[in-house]
Amino acid sequence: MKTKIQSLILLILCLVISSCSSDDDSSSSSDLEGQWFVTSLLVESAFDFNGDGNASRDLFQETSCYDGNFIQFFDDGDVTIVVDFTNIFVDSNNEQDFECQSGLALSSIWTQNGDSVTVENGNEDITGVISGNTLTVTVPDGFEMELYDPAVGHYPAEEDFTIVFTKE
């Protein structure tokens, strides 16, 4: 059975992103400017795509799909988001495999209010929380997949996912 999971960009474009608050309110827009690279992409289910014998919820550790993916904030208020997709294949024996696919690049504008960063996206803006050199974005029910159960066949499932960007 083929289960397609499209991560970050497609979901970011479609959902409001929220995340937990931070105690670090001293961030300024000058701290935000520059490139922030994906350093973690957490989902609810664990996978062992890298074959190390340890299933992990972090697709960044388990695949190479997000290496080099980033958000770049410019001092003029512009922002570029470059994040790829992962297709995950799960068969009826729970055998798992993945395939990296090129994602989308989104250009927009950003604003900052304390530790909260918002990227405009039509009617559903993207919001994350900055703490030091990390930016955390959580998408409730944003990780879409199709699972298989012999009793019911194929069925859709959604999981929360969290992306952590780190400024280099």
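## Ground rules

Residues are numbered from 1 along each chain as its sequence is written, and side-chain values use heavy atoms, with hydrogens and water left out. Because the model is predicted, local features need pLDDT of at least 70 and side-chain atom pairs count only at pLDDT 80 or more, while totals for chains, interfaces and linings use all residues.

Strands here are DSSP runs (E, at least two residues), numbered from the N terminus. Two strands pair if DSSP finds at least two bridges between them.

Strand 6 covers residues 96-113, and strand 7 covers residues 116-119. They run antiparallel, joined by four bridges. Trp-110 stands opposite Val-119 in strand 7. Two residues separate these strands in a hairpin. In its turn, Gly-114 has a positive phi of about 65°.

Strand 7 also pairs with strand 8 (residues 126-131). Again the strands run antiparallel, with four bridges between them. Ser-116 faces Val-129 in strand 8 as its opposite residue. This hairpin has six residues between its strands. Gly-122 in the turn has a positive phi of about 60°.

## The cavity

A cavity is a set of points, on a 1 Å grid over the protein atoms alone, where a 1.4 Å probe fits but cannot get out; lining residues have an atom within 4 Å of a point. Grid points are joined across faces, edges and corners, and a volume is the space filled by probe spheres set on the points. How many cavities of 30 Å³ or more does the structure hold? It holds one.

The largest cavity has a volume of about 70 Å³. It is lined by 11 residues, and the closest to its centre are Ile-71, Val-119, Ile-126, Leu-135 and Val-137. Strand 4 (70-73), strand 7, strand 8 and strand 9 (134-149) each supply at least two lining residues. Strand 8 gives the largest share, three residues. The lining has nine nonpolar residues, two polar and no charged. Nonpolar means Ala, Val, Leu, Ile, Met, Phe, Trp, Tyr, Cys and Pro; charged means Asp, Glu, Lys and Arg; the others, Gly among them, are polar.

## Phe-73

Phe-73 lies in strand 4. Is Phe-73 buried or exposed? Phe-73 is buried, with a relative accessible area of 2%. Buried means under 20% relative accessible area, found with a 1.4 Å probe on protein chains only.

Phe-73 and Gln-35 are 38 residues apart in sequence, yet 6.6 Å apart in space, C-alpha to C-alpha. Leaving aside neighbours within four places in sequence, Phe-73 has contacts (heavy atoms within 4.5 Å) that include Trp-36, Trp-110, Val-119 and Leu-135.

Note on methods: On a 1 Å grid over the protein atoms alone, a cavity is a set of points where a 1.4 Å probe fits but cannot get out, and a pocket is an open set with protein on both sides within 12 Å along at least five of seven lines; lining residues have an atom within 4 Å of a point. Buried means under 20% relative accessible area, exposed over 50%, partly exposed in between (1.4 Å probe, protein chains only).
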